[in-house]
Amino acid sequence: QYTITVNPPPVISWLVVAGGGGGGDAENSHYGRAGGAGGAGGLRNSYASENTGGGASGESTFTASTGTTYTITVGGGGTGRAGDTHTSGGNGTASSIAGSGLTTISTVGGGGGGYGQYTNGATGNSGGSGGGGGCAYQGSAGGGGSGTSGQGYNGGSATATSRNAGGGGGGASQVGEAVGAGDRGSNGGGDGGDGLQSSITGSATYYAGGGGGASDNGSNKKGLGGQGGGGDGWDGGANATDGTANTGGGGGGGADTSSKPSKAGGSGVVILRLATSGYSGTTTGSPTVTQSGSDTIIKFTGDGSYTA
């Protein structure tokens, strides 16, 4: 008599975060000299009872098919700008999981921040989370870009009464702050919206925070990046900062000269979690593989694959 033990097909929980958007900069003029921040990359999540981006409930896990290869794509962050180009930041790119029999799980890259200009600042780009608006002295200040339902929130707007500050980028759990809405006055850059916390790796970590808008009024009034890798905006006392790599955080807004560039968004990440008893050990792309309790976690910070 023989006993044969057959492990059931593994159920895979996942977190997919796209690359964050880059911050916008501004033209060199007397006013209208600050760009909006990049929005966070879109975030979708199926782990435990955690929420997904944009205020939506967590999504469904999937059951892997033995022998099937699941292709992982990790999105890059959007580019920042050199200063005095009055150019909106680049959008981040998508992250995804794809495989035979699986409806592709994909997230949208974060929207780039809008540029600042003497007349008519640019609206932030739409994305997983929207970019912040750029400021203007005359005409219309830029509004916040739109986020994607189930992935992230809108960016914050600049205002017609604020001639030297840009809006914050949206985050996975919060709208980007509008200029003048926070604690730094009417010429303070908007803070980035916060991201979401996930414990899929076994350690609670924030992902997909929006970048902070720039302030070019000569004092320390930059917008701060949201929790989850958002970069800070430029101000009179400090340079803007990039979104943090492999969080999907948005880049900080820049201003009106080459010494005040906006910054890039952070790259995304894809994380799989499954029972160690069902883990095949077959991967490409050199992911980080760790254990938490009876589960194995596969963290991709670049493109790769997992074969069940």
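**Entry 1: the hairpin of strand 13 and strand 14**

I began at the hairpin of strand 13 and strand 14, where two residues lie between the strands and Gly293 takes a positive phi near 60 degrees. I was working from a predicted model throughout. Strand 13 (residues 288-292) and strand 14 (residues 295-300) run antiparallel and are joined by five bridges, and I noted that Thr288 stands opposite Lys299 in strand 14.

**Entry 2**

I then looked up a second hairpin, that of strand 5 and strand 6, which has two residues between the strands and in which Gly101 takes a positive phi near 85 degrees. Strand 5 and strand 6 pair in the antiparallel sense over four bridges, with Ser106 in strand 6 as the bridge partner of Ser96. Strand 5 (residues 95-99) is also joined to strand 4, again antiparallel, by three bridges, and here Thr71 stands opposite Ala98.

**Entry 2: the nonpolar cores**

Which residues have the most contacts inside the largest nonpolar core? I found Ile97, Val270, Leu272, Phe300 and Tyr306, in a core of 18 residues. The elements that give two or more residues to this core are strand 1 (11-17), strand 4 (69-73), strand 6 (102-107), strand 11 (269-275) and strand 14. I listed the contacts of Phe300 beyond four places in sequence, and among them are Ile72, Val270, Leu272, Pro287 and Tyr306. A second, separate core has 13 residues, including Ala40, Leu43, Tyr47 and Ile200. As a general remark, nonpolar side chains tend to be buried together in soluble globular proteins.

**Entry 3: the salt-bridge network**

I counted six salt bridges in the structure, and a network of them links Arg33, Asp216, Asp256 and Lys260. Lys260 meets Asp216 at 3.2 Å, N to O, and forms another salt bridge with Asp256, where the closest N and O atoms are 3.2 Å apart. Asp216 and Lys260 both lie in the loop between strand 10 and strand 11, so their pair ties together parts that are 44 residues apart in sequence. Asp216 is buried, Lys260 is buried with a relative accessible area of 15%, and Asp256 counts as buried at 2%.

**Entry 4: Thr201**

Last, I looked at Thr201, which is placed in the loop between strand 9 (196-198) and strand 10 (205-207) and is partly exposed, with a relative accessible area of 22%. A polar atom of the Thr201 side chain lies 3.3 Å from the backbone oxygen of Ser203. Thr201 and Ile271 are 70 residues apart in sequence, yet 7.8 Å apart in space from C-alpha to C-alpha. Leaving aside neighbours within four places in sequence, I found Thr201 in contact with Tyr207, Ile271, Arg273, Ser292 and Ile297.

Notes: Residues are numbered from 1 along each chain as its sequence is written. This is a predicted model: local features need pLDDT of at least 70, side-chain atom pairs count only at pLDDT 80 or more; totals for chains, interfaces and linings use all residues. Side-chain values use heavy atoms; hydrogens and water are left out. Two strands pair if DSSP finds at least two bridges between them. Buried means under 20% relative accessible area, exposed over 50%, partly exposed in between (1.4 Å probe, protein chains only). Contact means heavy atoms within 4.5 Å. A polar contact is a pair of N or O atoms within 3.5 Å; within protein, one must be able to donate a hydrogen and the other to accept it, and residues adjacent in sequence count only if both atoms are side-chain atoms. A nonpolar core is a set of buried Ala, Val, Leu, Ile, Met, Phe, Trp, Tyr and Cys residues joined through side-chain atoms within 4.5 Å. A salt bridge is a side-chain nitrogen of Lys or Arg within 4 Å of a carboxyl oxygen of Asp or Glu.
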